[in-house]
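Visitor: I have a structure open here and would like a walk through it. Where do we start?

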Amino acid sequence: MLLRVDDLMPIGEFSQRSGLSARRLRNYAAVGLLVPAAIDPASGYRFYAAGQIQAAQLIDALRNAGVPLTEVAAVLRQPSRERLDVWVRHVQADADRRHEALDLARSLLADVGSPARTNTQLKGKTMHLMTSARTDIGRVRENNEDALLCLHHVVAVADGMGGHPGGQLASSLAVAILEAAFTGRSGDELEAAMRAANRAIFERAKEDGQLEGMGTTLCALGPIDGAQLAIANVGDSRAYLVRDGVLTQLTEDHSVAADLVRQGKLTRAQAAHHPQRGWLTRAVGVGQNFEVDTFLQPVHAGDRVVVCSDGLFNEVEEEQIMSVMSTARDRDEAADALVRQALANGGHDNVTIVIADVGA
Ligand code: MG
């Protein structure tokens, strides 16, 4: 952008016209959000263009709302009301959670002097996931289009599709929106977060011809109380439960091959090698109509869940997954060993795995 010096104003005047203090403007410049249009190399004096006033006010409004710097930068790069809607929901959910915590604190204060509550009474507030995660580009692909989320209250794996750069963008957008929109409130909230991800990816693809057809799988889960996980799935990434040394697939794949298994036309073993096993019948972000499997899974402390992309289970048979996990000393070692095994068996695809142990 070519600017005439006459169009520029010094920081003091810009501060007055934008309503932001010079200190704030310097802070936003320091983190790269609002770079001055020109700086006098001799005096170091900063100049801004009139066209930057709106951006300055937008940045300030978002910061006042508590939106993190990285997200503010993302909104500036790709202005979208959808992103703001996600934050409105996030702020609301956060406020609700804090109210609940304060209610609990109030009732605990009322109980001071009486016998302590048992862990069972409080366990609805205390269950969390202890996690290890790995992702690897594999031995054949040129990009890693898988993305993962690995937090105490939610884990997820997304496997992007649509080629470069769409696949990578779709999967990373999916996990970012899930993180912003799911707070561990309920299965409905998890489903709403998946729908928000679907809308955001679909709208983004419409804006840019290069991104046409992008989409992603998304398999996510998080504890919603002391005894249950909410699980949501679209596509062919998977969630497994490991209990008492037995690996059980919790989610259903949404693929042509999986449909043929459900119709009794293929066995599971045949499906694992079927040429159309990677053809998805559902994906996040490819259309406005969106179907998601959401359900609750009872769990208890000691259970383990594994969420992974098809780059793992297409290379490593389920029996082998279980045997690798049972010989590993801990989660980290198990995650490393599973990725190593997928690479050793061919590494034809990106491989991503999140292992989460349910803790009280
Ligand atoms: Mg894959």
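Guide: With one term: a crossing of two helices is called right-handed if the near helix is turned clockwise from the far one, and left-handed if the near helix is turned anticlockwise by less than a right angle. Keep in mind too that this is a predicted model.

Visitor: Okay. Which way does α7 pass α8?

Guide: The crossing of α7 and α8 is right-handed. Their axes come within 9 Å and cross at roughly 140°. Helix α8 covers residues 187-207, and α7 covers residues 166-181.

Visitor: Which residues meet there, α7 against α8?

Guide: From α7, the residues include Leu 169, Ala 170, Leu 173 and Ala 174. From α8, among them are Glu 189, Leu 190, Ala 193, Met 194 and Arg 204. By class, this contact of α7 with α8 has 14 nonpolar, no polar and two charged residues.

Visitor: At what angle do α1 and α3 pack?

Guide: At about 65°, with the axes 10 Å apart. Helix α1 is residues 11-18 and helix α3 is residues 53-64. Their crossing is right-handed. Phe 14, Arg 17 and Ser 18 of α1 make the contact with Ile 53, Ala 56 and Gln 57 of α3. By class, that gives three nonpolar, two polar and one charged residues.

Visitor: Let me step back. How many helices and strands does the protein chain have?

Guide: The protein chain has 13 helices and 14 strands. Its C-alpha atoms fill a box of roughly 75 × 65 × 40 Å along the principal axes.

Visitor: And what share of the 360 residues is buried?

Guide: Buried residues are 44% of the 360. As for contacts in the chain with a separation of 6 or more, 67% of them are between residues 24 or more positions apart.

Visitor: New topic. What coordinates the magnesium ion?

Guide: Asp 159, Asp 310 and Asp 349 do, each through OD, at 2.1 to 2.2 Å. Along the sequence these donor residues are spaced D-x150-D-x38-D. Asp 159 lies in strand β6, residues 155-161, and Asp 310 in helix α11, residues 310-313, so the pair ties together parts that are 151 residues apart in sequence.

Visitor: Are Asp 159 and Asp 310 buried or exposed?

Guide: Both are buried. For Asp 159 the relative accessible area is 9%, and buried means under 20%.

Visitor: What does Asp 159 touch?

Guide: Leaving out residues up to four places away in sequence, Asp 159 touches Glu 145, Asp 146, Ser 171, Gly 215, Thr 216, Thr 217, Ser 237, Ser 309, Asp 310 and Asp 349. Asp 159 is also 8.4 Å from Asn 350, C-alpha to C-alpha, although the two are 191 residues apart in sequence.

Visitor: Ser 171 was one of those touched by Asp 159. Where does Ser 171 lie?

Guide: Ser 171 lies in helix α7. Ser 171 is buried, at a relative accessible area of 0%. Not counting residues up to four places away, it touches Glu 145, Asp 146, Ala 147, Ala 158, Asp 159, Gly 160 and Thr 216.

Visitor: Where is Asp 244, and is it buried or exposed?

Guide: Asp 244 lies in the loop between β10 and β11. It counts as exposed, at 76% relative accessibility.

Conventions
Residues are numbered from 1 along each chain as its sequence is written. This is a predicted model: local features need pLDDT of at least 70, side-chain atom pairs count only at pLDDT 80 or more; totals for chains, interfaces and linings use all residues. Side-chain values use heavy atoms; hydrogens and water are left out. Axes are lines fitted to C-alpha atoms, for helices over the stretch in contact, and angles run from 0 to 180 degrees between N-to-C directions. Helices (H or I, at least four residues) and strands (E, at least two) are DSSP runs, numbered from the N terminus. Contact means heavy atoms within 4.5 Å. Ala, Val, Leu, Ile, Met, Phe, Trp, Tyr, Cys and Pro count as nonpolar, Asp, Glu, Lys and Arg as charged, and the others, Gly among them, as polar. Buried means under 20% relative accessible area, exposed over 50%, partly exposed in between (1.4 Å probe, protein chains only). Donors are N, O and S atoms within 2.8 Å of the metal (3.2 Å for Na, K and Ca); water is not among the atoms, so sites may look incomplete.
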